[in-house]
Amino acid sequence: IVWEAYSILVNEYVIPEQIDPKVLSEAAVIGMLDALDDRYTAYIPPSTFKIDQEGFQGNFGGIGAQVEASPDRNGVIITKPLPNTPAEKAGIRAGDRILAVDGEDALGWSVLEAVNKIRGEKGTDVVLTVEHIGSLDPVDITITRDTIDDPSVTIMEVADTDYGRIRIAQFTAETPKEVREGVQELIDNGAKGIILDLRGNPGGLLSSTVNVASEFLTDGLVTYEVDSRGDREDWKVKKGGKFPDIPLVTLVDNFSASGSEVLIGALQDHGRTVAIGTNTYGKGSVNLLRGLSNGGGVYLTTGRWFTPNGRVIEEIGIEPDVIVEFDPESGSGLNSQTAQGGDPQIQAAIKQLDFQLSQVSPDP
């Protein structure tokens, strides 16, 4: 009926000059995808087809904020403004709901539609109308775009302890190497335990997630996925992990999504870590970007991820072993490298590592 309707328009529509095959084709694709009511499935126009991969390269033009679909399916929210970026400097906060971009209503947009509108050339301005958590009054924030450099891994020593903290912002192609080198550096500097900080991590490459998990596990599954045909694919732990024994505590929050949920689910199911924080986001779908002949593409959901023990992630998330609330606006912030005292989740992680190390018998 799509081609039937198109044929009728071409032959009978009263204003034939308005019949643009390119426009009508894209509208038909958009209509089909919208009808699925899947917040992770969307059409990508040719001009922005590469937008989904840019973030995985660690350098792109934009405002420096990560976004995710809102849990209530009403637009998108900011999961994290990156440190020292235009977004952070302008006052964008984690949890902000994007109501409009340059005056255009954004509540019906998918994540990729929002990213396409927000990103742009360095030096240009974009106006985000946002709703801060706990506020009913929208705020217009003007942000000047810049080149964004987003390293995926940050390491730091935890002050006044023998522990190191490694923060993974997202999973890129370089993340496994950065994690391996970072943990080794912390150990070389005397760290006897590791705090793996996945708070605000929106995910990324599944292969990268599997490789990171494999650094801390010895065998078994990291995750498995079930596709539209009901077929199952196992993602197994890769051999050669360097850190299967070092005490490990993991921090998660409501904005830990996708790949970070796969990682924490695997570490939990293998009994490898104690997770501290709040329930994760609940994005357990497998999504792929497929190209179209017009230079655009379709970003679509093709399956679901499960933890090694068969726990569902989608819409449920991962529940931490120890629930500790934390509002980063009231403390030292997730990106602080020294002020640990204002972060109750890090303090809880320190206590947990203290306990784990106290259970280790000293050498005779």
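Predicted model: local features only at pLDDT ≥ 70, side-chain atom pairs only at ≥ 80, totals over all residues.
Tutor: Two ground rules. Local features need pLDDT of at least 70 and side-chain atom pairs 80 or more, while totals for chains, interfaces and linings use all residues. Numbering starts from 1 along each chain as its sequence is written, and side-chain values use heavy atoms, without hydrogens and water.

Student: What makes a helix or a strand here?

Tutor: DSSP runs do: H or I over at least four residues for helices, E over at least two for strands, numbered from the N terminus. The chain has nine helices and 19 strands.

Student: Why does T280 count as buried?

Tutor: Buried means under 20% relative accessible area, exposed over 50%, partly exposed in between, with a 1.4 Å probe and protein chains only. T280 has 5%, so it counts as buried. Buried residues make up 49% of the chain.

Student: Where does T280 lie?

Student: Which residues is T280 in contact with, leaving aside its neighbours within four places in sequence?

Tutor: Contact means heavy atoms within 4.5 Å. The partners of T280 are V252, D253, N254, S256, E261, I316, G317 and I318. Its side chain reaches the backbone nitrogen of I318 at 2.5 Å.

Key. Polar contact = N/O pair within 3.5 Å; in protein donor to acceptor, adjacent residues only side chain to side chain.
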